[in-house]
Amino acid sequence: MEKVITLVIPAYNEEHNLPVLVKKLSDFFQQYSRYRFECIIVDDGSTDHSREVIKKLSAEYKWLYYLFLSRNFGKDIAMKAGIDQARGDAIITMDADGQHPLDLIPRFIQEWESGYDVVYAYRKEASDHYTYMQRLRSRLFYVIASKLTDLDMEEGLSDFRLFSRRVAQIITQFQDKELFLRAIFKWIGFKQKGVPYQPLQREYGTTKYTLRSLIRLSLQGITSFSVKPLNMAIYLGLTISILSSLYIPYVIWSFMYNHPISGWASMIVTIAFFGGLQLMILGIIGIYIGKLFIQTQFHPPYIIESTNMQSASYLHSYT
Ligand code: UDP
Ligand code: MG
């Protein structure tokens, strides 16, 4: 029997990109008919006409399914919603904006057929259509994230990947409210293979990620995979304690020999400095407590507003 491969595509305000992508997919599927492809577009609460566009396309292409989430849940949650419903022997996640080249899919499939459970694409080298700042921040992100999580994430690691049925089943079991799939895929293990690629230019629109959302995302990602920031507080505190205890003999000596120690300015600076440091560490602790709180709420991770998948298990859906 021919194997089924399900593509999961999260889309947020991609009304112009989706028709282009679906057309390309259709051509590709015809060429590559050794497998039966199907595609789940997960609309992540788009505010443009994406939904009308998707509905129209799904009437035209029988292999096209959609899930409309009730609001914007973020890319990772949207991908998981699709993965939860995907039935293929292999599942491929890719972006809707045309940045992930379809030519890579045969390679993915080939690696999967030869025994890899996860095949993922990572950016070979930053190409010209990324600005210097974008490159800098992506490098910083991966260096910090890899160091803090011990997960060895390549720079330019993308969400363009293929994985086996059994890995999909494992991903489905994740109940994390804040999902960071790039790290989760590293964390689960199995035989994995990275394939370098050159991302294409986004067809329409601009990236959905601003510097602010990237910072939030990295904080989120790091703190959901590691408690190292908490340990850092211990070492920082210890170091500062030792340093300040070295200062004590000097103070005693000064008193003994009656050298008055002046220092209003240094006192204020010290108080302000440590005040800031303490607030920062409180903030880090706060992030972890906030996570505990969010994770203990019994909210569904996402809500499916409507879908055309007859056989969908309506686990988190209230249609
Ligand atoms: N996306 C989404 N929900 C969001 C933000 C983005 O589903 O809240 C989708 C978006 O439509 C695209 C993919 O995630 O298909 C990648 O987004 P984008 O191109 O903005 O990110 P970048 O390529 O800059 O990492
Ligand atoms: Mg993009």
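A: Ligand 1 is surrounded by 17 residues, the closest of which are Pro10, Tyr12, Ala96, Thr207 and Lys208; a residue is near a molecule if its C-beta atom, placed from the backbone, lies within 6 Å of it. The model is a predicted one, in which local features need pLDDT of at least 70 and side-chain atom pairs count only at pLDDT 80 or more, while totals for chains, interfaces and linings use all residues. Residues are numbered from 1 along each chain as its sequence is written, and chains are lettered from A and ligands numbered from 1 in the order in which they are written.

The shell around ligand 1 divides into six nonpolar, four polar and seven charged residues. Here Ala, Val, Leu, Ile, Met, Phe, Trp, Tyr, Cys and Pro count as nonpolar, Asp, Glu, Lys and Arg as charged, and the others, Gly among them, as polar. At least two residues of this shell come from each of β1 (4–11) and α3 (75–85). Helices (H or I, at least four residues) and strands (E, at least two) are DSSP runs, numbered from the N terminus.

Strand β1 belongs to an open sheet of eight strands with mixed pairing, ordered β7-β5-β6-β4-β1-β2-β3-β8; two strands pair if DSSP finds at least two bridges between them. The edges are held by β7 (192–197) and β8 (304–307), and because each has a single partner strand, one side of each is left without a neighbour in the sheet. From one strand to the next the twist averages 20 degrees; axes are lines fitted to C-alpha atoms, for helices over the stretch in contact, and angles run from 0 to 180 degrees between N-to-C directions.

On one side, β1 runs parallel to β4 (residues 90–93), to which four bridges join it. The bridge partner of Thr6 in β4 is Ile91. Eight bridges join β1 to β2, again in parallel. In β2, Glu38 stands opposite Thr6, and Asp43 stands opposite Ala11.

Helix α3 packs on this sheet, touching β1, β2 (36–43), β3 (64–69), β4, β6 (157–164) and β8, and its direction makes about 155 degrees with that of β1. Contact between two residues requires their C-beta atoms, placed from the backbone, to lie within 7 Å.

What of burial? A residue is buried if 20 or more other C-beta atoms lie within 10 Å of its own, exposed if 12 or fewer, and partly exposed in between, with C-beta atoms placed from the backbone. In α3, 11 of the 11 residues are buried, so the helix is largely enclosed by the rest of the structure; among them are Lys75, Asp76, Lys80 and Asp84. Seven of the eight residues of β1 are buried, as are six of the eight in β2.

Gly286 counts as exposed because it has 11 C-beta neighbours inside 10 Å. Its C-alpha lies 37 Å from that of Gln99, 187 residues away in sequence. Gln295 is also placed in α10, and with 12 C-beta neighbours inside 10 Å it counts as exposed. An unreviewed UniProt entry places the feature "transmembrane region" at residues 232–252 and 264–289. The span 264–289 is 100% helix and 0% strand, with its end C-alpha atoms 37 Å apart.

How values were computed. UniProt positions renumbered as here; feature names shortened; annotations may be inferred.
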